[in-house]
Amino acid sequence: MAVPITRSPDDPITRSLQVLYVAYPLLTVSESSAGGAEQVLWTLERELARSGVQTTVAASAGSRVSGELLSTGQPCTQPDDFERRNLEHQERALAFLRRRVQQGRPFDFIHDHSGSFWPRAAEIPLRNGSSVAAPLLATLHLPRHFYPPRVFENIPANVSFNCVSKSQAPTFDGLEQMTGVVTNGIALDCFAPGRSGRSGLLWLGRMCEEKAPHLALEIARAAGMPITLASQIYPFSYHQQYFSREVEPRLKRMQQARFLDSPSPPVRRKLLGSVQAVLLTSQVDETSSLVAMEAAASGTPVVAFRRGALPEIVQEGVTGFLVNDVDGAVQALRRTAEISPETCRQHARKNFSGLGMALAYVALYERVLSREVGPDLPLPGWQRAS
């Protein structure tokens with residue numbers, strides 16, 4: 001259902017917002033995206049475009065978005081090409097912003113999901129007749145230690161930040177431009193439980209050491225259960241080396257393990273709805289987990305290491321189990337029959353709505369535009385979802 005973003009004639013925001021989204025530069029943004037930030041951006045932009053917001057996404061060629069696509073160049077195919085590609089991406093986004101101002105069509109708002117564009121926000125051109133540039137909100141998808149400390153120095157005046165979970169927010173204490181938390185959501189209409197009997201395990205995510213799929217293989221081996229690793233290997237040599245060193249040898253030794261490279265959305269959803277459980281084995285404090293949300297929306301229990309935001313997403317004994325180590329995960333797998341698929345789905349509908357996320361972001365956009373953000377103004381939450 002469309003949710004028009006309108007206000008009364010007396011309100012300063014009386015027309016549809018025009019928002020530029022800046023994506024991570026290496027990969028495309030689409031329904032098939034593997035990265036969490038790309039999936040969040042795709043869901044958010046889809047919901048707002050449906051609602052009448054005029055959206056543009058600055059992303060790699062081949063992206064599939066609901067509004068306008070600004071192609072900033074080809075996605076990376078060569079390892080360790082981030083610096084060149086990121087500079088190209090940023091320069092083309094800034095050139096586009098300059099053209100829009102020259103054409104008299106400036107953006108009202110810029111939302112950065114790239115993790116690296118906001119330090120250049122001072123280069124965003126001033127809007128015609130205005131003494132300020134469009135405000136930029138940078139969503140911090142990663143743990144703080146993943147960001148170089150220098151990016152939080154000399155922050156441009158038009159930049160604000162938000163976190164994506166309550167557990168992440170305290171790690172950014174002292175960052176004056178922080179506006180609060182908007183938790184992630186998913187496209188609930190894309191997920192449904194499978195119709196046949198469930199069997200086996202699934203590990204779904206980005207192939208890298210911190211996500212630790214090798215531990216998922218160890219859990220499956222110890223539990224004597226088949227497992228599918230469904231993943232994409234990013235164009236980083238250390239990701240590729242990790243796969244060759246830790247994952248590939250285990251796959252060769254385990255007869256009941258298989259690897260699916262970059263599964264399509266239909267395949268990914270079928271897997272989520274047909275397995276006995278989804279394993280989450282991250283070795284870092286995750287700021288969110290779209291996989292855990294998608295599993296709940298598919299009626300599938302999650303067995304996850306108790307790290308970061310996972311206790312905010314996985315409801316113990318209701319949608320899954322939180323564990324501390326491999327042995328704990330093996331024990332938890334014996335209890336997955338206790339989890340009700342319908343209860344999982346009800347929890348997802350109540351807590352992980354993509355529309356709820358979109359409405360919360362619109363409220364934040366408008367507060368930033370109105371310069372009303374303050375420490376005593378709580379952010380809207382999932383209660384706005386319909």
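User: Is A187 buried or exposed?

Analyst: Buried means under 20% relative accessible area, exposed means over 50%, and partly exposed is in between (1.4 Å probe, protein chains only). With a relative accessible area of 4%, A187 is buried. Keep in mind that this is a predicted model, where local features need pLDDT of at least 70 and side-chain atom pairs count only at pLDDT 80 or more, while totals for chains, interfaces and linings use all residues. Residues are numbered from 1 along each chain as its sequence is written, and side-chain values use heavy atoms, with hydrogens and water left out.

User: Where does A187 lie, and which residues is A187 in contact with?

Analyst: Helices (H or I, at least four residues) and strands (E, at least two) are DSSP runs, numbered from the N terminus. A187 lies in the loop between β7 (178–181) and β8. Contact means heavy atoms within 4.5 Å. If you set aside neighbours within four places in sequence, A187 is in contact with W42, T43 and R46. As for C76, 111 residues apart from A187 along the chain, the two C-alpha atoms are separated by 27 Å.

User: Now the sheets. In what order do the seven strands form an open sheet?

Analyst: In general, strands of a sheet pair through backbone hydrogen bonds, either parallel or antiparallel. Two strands count as paired if DSSP finds at least two bridges between them. Here the seven strands run β3-β2-β1-β4-β5-β6-β7, and the pairing is parallel. β3 (68–71) and β7 each have a single partner strand, so they stand at the edges with one side left without a neighbour in the sheet. From one strand to the next, the twist averages 20°. For angles, axes are lines fitted to C-alpha atoms (for helices over the stretch in contact), and the values run from 0 to 180 degrees between N-to-C directions.

User: Over how many bridges do β5 and β6 pair?

Analyst: Four: strand β5 (residues 136–139) and strand β6 (residues 159–163) pair in the parallel sense. Look for A138, which stands opposite F161 in β6. Helix α2 (residues 82–102) lies across β1 (18–22), β2 (54–59), β3 and β4 (109–112), and runs at about 125° to β3.

User: What is the order in the open sheet of six strands?

Analyst: That one reads β10-β9-β8-β11-β12-β13, with parallel pairing. Its edge strands, β10 (257–261) and β13 (320–323), each pair on one side only. The twist here averages 20° from one strand to the next. Strands β8 (residues 201–206) and β11 (residues 277–280) pair in the parallel sense over two bridges, and L202 has V278 as its bridge partner in β11. Helix α3 (residues 213–223) lies across β8, β9 (227–232), β10, β11 and β12 (302–305), at about 170° to β9.

User: How many residues of helix α6 are buried?

Analyst: Eight of the eight residues of α6 (residues 290–297) are buried, so the helix is largely enclosed by the rest of the structure. E294 is one of those buried residues. After α6 comes G299, with a positive phi near 75°.

User: Which residues touch the most other members of the largest nonpolar core?

Analyst: Nonpolar side chains tend to be buried together in soluble globular proteins. A nonpolar core is a set of buried Ala, Val, Leu, Ile, Met, Phe, Trp, Tyr and Cys residues joined through side-chain atoms within 4.5 Å. In the largest core, of 52 residues, Y361 and Y365 touch the most other members. α10 gives the most to this core, with eight residues. Apart from it lies another core, of 30 residues, including M225 and I339.

User: How many aromatic pairs are there?

Analyst: Rings of Phe, Tyr and Trp (its six-membered ring) pair if their centres lie within 6.5 Å; planes under 30 degrees apart count as stacked, over 60 as edge-to-face and the rest as tilted. That rule gives 13 aromatic pairs. F236 and Y238 have ring centres 5.6 Å apart and planes at 25°, so they are stacked. The pair of Y361 and Y365 is tilted, with 6.2 Å centre to centre and 35° between the planes. Y361 and Y365 are four residues apart in helix α10 (residues 354–369), so about one helical turn separates them. W118, Y147, F152, F161 and F172 form one aromatic cluster.
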